[in-house]
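Dear colleague,

Please find the structure below, for your files. My notes on what was found in it follow directly after.

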Amino acid sequence: MSDPPQVGALDWTGRRCELVVGPVAHGGHCVGRVEGRVVFVRHALPGERVVVEITEDRGGSFCRGDAVTVLAASPDRVTPPCSLARPGGCGGCDWQHASPAAARELKAAVVTEQLRRLAGLHWTVTVEELPGGPLHWRTRLRLAVDQRGRAGLRGHRGHQIVRLDAEQGCAIAVPGLLDGVLGQSWPAGVGVEVIQDDRGAQHVATRESLPRSRGFRTSWRIGGQAEQQAAGRAWAVRADGFWQVHPAAASTLAAVVGAWADAPAGGVAWDLYGGVGLFAAVLAEQVGERGSVLLVEASRSAIADARTNLADLPQVRPIACAVERLRADPDDSPDVVVLDPPRKGAGRQVVAAIADRRPDRVVYVACDPAALARDVAIFAEQGYRLTRLRAFDAFPMTHHVECVALLEP
């Protein structure tokens, strides 16, 4: 093991050093320090003494590394169920080396810290387990194809493709998801998305990058639709479109959104970033035939699916439009707003536009705790406060967590 490099060294990549791991940080790693620099350490747990190999150093005050040797282990450490969950292996699972209960506590600590740091809130967070356990839950998986035509998973923060064994498969994928996929030869460089719907049917899409005037665009080629069940309804959704990857997530989130939205009969509700209309269906049942639900989604294919799946709910008005560009009738102020923005969050423009309509309740579904905390802070500036929050382990073994927040004037 080499001596710890000195601050000011141009590049620590490849160096090894010993350190005691500090607290968890957002992104699937913990924080350590070496000679005045922060090291974001993967494959470690708080309190452990480890040997870290620096894997990425772009200069500045921090770098990234993997725990390659554990000298003093945390009592929460377990043997990863997948042999690829290791330094230099698959980048998909962040917490296979932690017990499931400890992994949920780590995620709760991240949500708590983001709310404290970015929104100034001291909130006790519990991450709730979904049915089914930590393995064999993922119904959608994106694979990359190497130059020899073999499909595999990406390494962490890189272009390395980690090949999957056809017999072992992926530990978090539902049984049968990858049947016939790993042994097949694919065109080099394409992406492969594999989906298993609620009927157990497998759908396979391929993605290629096509040149355009600026950069590249992504084109998915797929046939058929996935059949899903959620919120007491059947859904036919383009298999390459958005749907929750955990079998229990869609219904769980819809139930919480419905309970907190509590849209009045005959009232007006907005479903922003509404996808294929999961939450719009719940809101439509609440407002009834005399009410209205505005469903806004940028994806035209998702809106097409929404129109088909919600054809029996004429009170839902789907609009294919970026939420940021929505120009709603000034007199059409909603009683309740549900929003489920992408990972970057809603942002100041959207939050201000919502708050300007003064809805009684805003139900915010978030897949990124930092984005949630930033938007909660903006809502606070606009006169709305966080009154309830639930967090769900919708992505076991990874650092991702799904939150639902209720904001009220």
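The structure, a predicted model, holds four aromatic pairs. Rings of Phe, Tyr and Trp (for Trp, its six-membered ring) are paired if their centres lie within 6.5 Å; planes under 30 degrees apart count as stacked, over 60 as edge-to-face, and the rest as tilted. One of the pairs is formed by tryptophan 137 and phenylalanine 395: it is edge-to-face, with 6.4 Å centre to centre and 80° between the planes. This pair links distant parts of the chain, its two residues being 258 residues apart. Tryptophan 137 lies in the loop between strand E7 (127-129) and strand E8 (140-145), and phenylalanine 395 in the loop between strand E21 (385-393) and strand E22 (402-408). Helices (H or I, at least four residues) and strands (E, at least two) are DSSP runs, numbered from the N terminus. Tryptophan 137 is buried, at a relative accessible area of 2%, and phenylalanine 395 is buried too, at 14%. Buried here means under 20% relative accessible area, exposed over 50%, and partly exposed in between (1.4 Å probe, protein chains only).

A second pair joins tryptophan 235 and tryptophan 243: the ring centres are 5.9 Å apart and the planes are at 50°, so this pair is tilted. Both tryptophan 235 and tryptophan 243 are buried. The charged end of arginine 233 sits over the ring of tryptophan 235, 5.8 Å from its centre. Likewise, the charged end of arginine 37 sits over the ring of tryptophan 12, 4.5 Å from its centre. For a charge to sit over a ring, NZ of Lys or CZ of Arg must be within 6 Å of the ring centre and within 35 degrees of the ring normal.

Tryptophan 235 comes up again in the nonpolar cores. A nonpolar core is a set of buried Ala, Val, Leu, Ile, Met, Phe, Trp, Tyr and Cys residues joined through side-chain atoms within 4.5 Å. The largest has 69 residues, of which Leu143, Leu178, Trp235 and Val404 touch the most other members. Apart from it lies another core, of 38 residues, including Val111, Val268, Val362 and Ile378. Valine 404, leaving aside neighbours within four places in sequence, is in contact (heavy atoms within 4.5 Å) with Leu253, Val256, Val257, Trp260, Val363, Tyr364, Val365, Arg388, Leu389, Arg390 and Phe392.

Next, helix H4 (residues 300-309). Which of its residues are buried? They are Ala302, Ile303, Asp305, Ala306 and Asn309. These residues cover an arc of only 160° around the axis, which puts them on the same side of H4; the arc is that of the directions from the helix axis to the C-beta atoms. Arg300 and Thr308, on the other side of H4, are exposed.

- Arginine 104, in helix H1 (residues 100-119), is buried at a relative accessible area of 17%. Leaving aside neighbours within four places in sequence, arginine 104 is in contact with Val127, Glu128, Glu129 and Asp393.
- Leucine 19, in strand E1 (residues 16-20), is buried at 3% relative accessibility.
- Tyrosine 273 has a positive phi, near 55°, in a residue other than glycine. Tyrosine 273 is in the loop between strand E16 (268-272) and helix H3 (278-287), and is buried at 12% relative accessibility.
- Methionine 397 also has a positive phi, near 75°. Methionine 397 is in the loop between E21 and E22, and is buried with a relative accessible area of 10%.

On confidence: the mean pLDDT (the predictor's confidence in each residue, from 0 to 100) is 93, and 93% of the residues reach 70 or more. Over residues 4-8 the pLDDT is below 50, and beyond near neighbours in sequence this stretch has twelve contacts in the model. Over residues 210-217 the pLDDT is also below 50, with eight contacts beyond near neighbours in sequence.

Residues are numbered from 1 along each chain as its sequence is written, and side-chain values use heavy atoms, with hydrogens and water left out. Local features need pLDDT of at least 70 and side-chain atom pairs count only at pLDDT 80 or more, while totals for chains, interfaces and linings use all residues.

Regards
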